[in-house]
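Hi there,

Here is the structure I promised to pass on to you. Have a look at it first, and then read on for what turned up in it.

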Amino acid sequence: MKTEKQYTEEYARIGGIEQYLLHYRSKPEDPVLLFIHGGPGQTESFFAFLVEEYAERDYNIVYYDQRGAGKTWLRNKKSRPDTEILKKDLLEIVLYLKKQYGKDKIGVLGHSWGSVLGSMFALEHPEHTLCYIGCGQVIDIVENERTGYAILKAAIGKGANKRDQRKLERIGAYPLPQFDLKAYRKMGQIRSLQGKYKLAQDFGRTVIDLWRRSPIMGMRDLVPFVTGMSVNMQLMRELMTYDLRKKGSSYQVPVYYVLGEKDSQTPIALSTKYFETVQAPDKKLYLIPGAGHAPMIDDVETYRQVVRESVRRAQSLAESGKE
């Protein structure tokens, strides 16, 4: 027996190219949340079903594949993104969704690399933003990597695993001052070790399993997972100089952080320290016990609850006219 699809897909003309949007709709009068994926270049629409299907949700949510990622890349293989292009794309997508859903403002949720775009959008375009939700929040990528490396080194030393100690020694200095293929390879080796010690998200078997179960994935959709980093190399170079603290901490919109307690890929010590300085009409930090860099996978139900509460708080504030 066939069940009714919980989602709708479309390609919208954004930034002069066709970009993929995945909608999980609630009631028309409910607020709208835009999910901005991480990477760069690693779409997360493939696991949207895990969070959104049959969920009790009083908001509409839209996932999209950024230029250089996922289904958007498959239709636009010659397009190479940089930060400024993606910021323009994001603004155009928000304006498009405002018109499509008939809303004055749209909430934005940024995960990992998406938290870079999301934070900048909330700071620069409060007139379009209902709220900002940061998950796996990036503050300073170099400091993130340095802190994560120190945590990994301590974990390997505590476990007295000689083989992993030698692996770490062979990797050598980390992080490197600039991003290139050598730095990319080192990052991959570090992520592998972090995954082994439960310090970073294991995107090996997890991705394969979710991809197989995803209702929107086909064989062609595996290709962008392989090409993602090479297509987005310029973004990674730009990300190495990013520091959210230099962009300020005064927001004109509600700000909520959803962080995995065990996240050492974007270490929570840095995120929480920055969050303490945030000035906003409303703010709250949610720490999900036992979860890592991807709490929407590690603890789906708690993640759903805190995102739902965040949107409700922002919507209530908007309706009260206190923004």
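Tyr54 lies in the loop between α1 and β4 (60–64); helices (H or I, at least four residues) and strands (E, at least two) are DSSP runs, numbered from the N terminus. Phi of Tyr54 is near 60 degrees, a positive value in a residue other than glycine. Tyr54 is exposed, at 56% relative accessible area. Here buried means under 20% relative accessible area, exposed over 50%, and partly exposed in between, with a 1.4 Å probe and protein chains only.

Before going further, please note that this is a predicted model, in which local features need pLDDT of at least 70 and side-chain atom pairs count only at pLDDT 80 or more, while totals for chains, interfaces and linings use all residues. Residues are numbered from 1 along each chain as its sequence is written, and side-chain values use heavy atoms, with hydrogens and water left out.

Ser112 is not a glycine either, and its phi is positive at about 55 degrees. Ser112 sits in the loop between β5 and α4 (113–124), and with a relative accessible area of 12% it is buried. Why point these out? Most residues other than glycine have a negative phi, and most peptide bonds are trans.

Gly39 and Pro40 are joined by a cis peptide bond, with omega about 0 degrees, and Pro40 is found in the loop between β3 (32–36) and α1 (48–52). Another cis bond links Tyr174 to Pro175, with omega about -5 degrees; Pro175 belongs to the loop between α6 and α7.

How many aromatic pairs does a search of the whole structure find? There are six, where rings of Phe, Tyr and Trp (its six-membered ring) pair if their centres lie within 6.5 Å, and planes under 30 degrees apart count as stacked, over 60 as edge-to-face and the rest as tilted. In one of them, the ring centres of Tyr149 and Tyr174 are 5.9 Å apart and the planes are at 40 degrees, so this pair is tilted. Because Tyr149 is in helix α5 (residues 141–159) and Tyr174 in the loop between α6 and α7 (181–196), the pair ties together parts 25 residues apart in sequence. Tyr149 is buried at 15% relative accessibility, and Tyr174 is buried at 10%.

Next come the salt bridges, of which the structure holds 20. A salt bridge is a side-chain nitrogen of Lys or Arg within 4 Å of a carboxyl oxygen of Asp or Glu. One of them joins Arg245 and Glu143, whose closest N and O atoms are 2.9 Å apart. Arg245 lies in the loop between α10 (233–239) and β7 (255–260) and Glu143 in helix α5, so this bridge ties together parts 102 residues apart in sequence.

Asp164 and Lys196 form a salt bridge too, with the closest N and O atoms 2.8 Å apart. Asp164 is in helix α6 and Lys196 in helix α7, so parts 32 residues apart in sequence are tied together. Is Asp164 buried or exposed? At 1% relative accessibility, Asp164 counts as buried, whereas Lys196 is partly exposed at 48%. Finally, salt bridges with shared partners join Glu56, Asp58, Arg308 and Arg312 into one network.

Enjoy exploring!
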